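Please go through the sequence and the model shown here. A short briefing follows, grouped by topic.

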Amino acid sequence: MRTDDLITGLAATLEPVKTGTVVRILFGAAMIGLVGSVAVMLGAMGLRHDFATAITSFGMWTKLVYTFAVAVLGFVVVERAGRPGADMARPALLLALPLLAIAFLSAQQMRAPDADMPGMVLGHSSRVCAGLVTLTALPTLAAIFWALRKLAPTRLTLAGAGAGLFAGAAGAFVYSFHCTEGAAPFIAIWYTLGIGVTTALGASLGRYLLRW
Amino acid sequence: MIAQEAQYRDWMLAALMGDASAYRMLLAALTRHLRSYYARRLDPAAAEDAVQETLIAIHARRATYDPALPFTAWVYGIARYKLIDEFRRRKRRPTVPLDEAGDLFGHDEAEEAIARRDVSKLLEKLPPAKRDLVKDIKLDGVSVAEAAKRTGMSESAVKVTVHRAIKSLNASLGKTPERRGDADG
């Protein structure tokens, strides 16, 4: 086909684009993915038995706020990753904030006079936590990958990492409704590891699955 | 800031609201930049394919342009991605340096016009018969066989003449003849 004819054809099929299309596509995918992640958590693990009382506990809110903050930044990274020429570094650097906050809170809890150090670090589920976070994240990771393919990621490994970051944090958020741990050091280590594993998984799949 | 940024961005914003004539002007302008960008990096047939593929990508993914960001950087991101994709398909793994959008848009027509003028000045140094031969084959893309038919020379004589002419031009520029391997390798 001649390039001039192509241009004529493209101009003839031009339709207005609504503002906010990118965010809408990603947000829709995130919601679908979250439904899947919740289904995995409820189906394979179950809601924590003491949910009714735990929902007001400090430990529960530590998990929710920490993972939510990382998920928000992950969403921004993914949104940037889907746009050619956009800067991903700045939102990624902001990750330092929730990481520093959870580290600070951990240090404070461990400094308490009656602190049970091994219990705070290992809890009773440290061996499965990161793996279950990643498992819970998988439906969300798949949904975000599917959405990113409709956008225009140009740096596929980074885009995949961003998708993994968001999915990992969203998975950890959902997983915290199953998990009965609440000590900040536990969350800082094992939740962060689970998010990191999902990020690495996304980064390694990006270049194969995000091509367009 | 790239010179054409403001104009192209205006066209793009109009196109996003459905203005087909602004869109057509934008695509025509981008085609010129893309042609020269890919021509310097791919062989001619692949270059035109890449131009078309990039235009289609720009069209299909135009919603990903964020009006808060430079338009030229957005187009450059897509052009570079399509170049890497083309290399990937040929199972080559060259590194495409992370340049800036200036790489796509810096090569403007004024510069090309100056280059063309320089070339024709240079060609004037050759005797007329040789000059026509070099112009036909090297600039206008006439095949060696056709040039041989036109001039009544043998094909190998045409090749030798052109080769010597280029060599003498290079010598007049104070350069040793370069091997043209970069575009074909």
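A residue is called buried at under 20% relative accessible area, exposed at over 50% and partly exposed in between, with a 1.4 Å probe and protein chains only. On that scale, buried residues make up 39% of the 185 residues in chain B. This is a predicted model, in which local features need pLDDT of at least 70, side-chain atom pairs count only at pLDDT 80 or more, and totals for chains, interfaces and linings use all residues. Residues are numbered from 1 along each chain as its sequence is written, chains are lettered from A in the order in which they are written, and side-chain values use heavy atoms, without hydrogens and water.

**Chain B overall**

- Chain B has nine helices and zero strands; helices (H or I, at least four residues) and strands (E, at least two) are DSSP runs, numbered from the N terminus.
- Along the sequence, the pattern of chain B reads α-α-α-α-α-α-α-α-α.
- Take the contacts in chain B with a separation of 6 or more: residues 24 or more positions apart account for 59% of them. Contact means heavy atoms within 4.5 Å.
- Chain B has an accessible surface of about 10,600 Å², and carbon and sulfur atoms hold 55% of it. Accessible areas come from the Shrake-Rupley method with a 1.4 Å probe; for residues, only the protein chains shown count as cover.

**A buried histidine in chain B**

- B:His33 lies in helix α2 (residues 20-39) of chain B.
- B:His33 is buried, with a relative accessible area of 3%.
- The side chains of B:His33 and B:Tyr8 are joined by a polar contact of 2.8 Å. A polar contact is a pair of N or O atoms within 3.5 Å; within protein, one must be able to donate a hydrogen and the other to accept it, and residues adjacent in sequence count only if both atoms are side-chain atoms.

**Aromatic pairs**

- Rings of Phe, Tyr and Trp (its six-membered ring) pair if their centres lie within 6.5 Å; planes under 30 degrees apart are stacked, over 60 edge-to-face and the rest tilted.
- By this rule there are 12 aromatic pairs over all chains.
- A:Phe51 and A:Phe177 form a tilted pair, because their ring centres are 5.7 Å apart and their planes at 40 degrees.
- A:Phe51 sits in helix α3 (residues 51-54) of chain A, and A:Phe177 in the loop between α9 (156-175) and α10 (184-209), 126 residues apart.
- A:Phe51 is partly exposed, at 24% relative accessible area.
- A:Phe75 and A:Phe166 have ring centres 5.8 Å apart and planes at 70 degrees, so this pair is edge-to-face.
- A:Phe75 and A:Phe166 are both buried.
- One aromatic cluster consists of A:Phe51, A:Phe68, A:Phe173 and A:Phe177.
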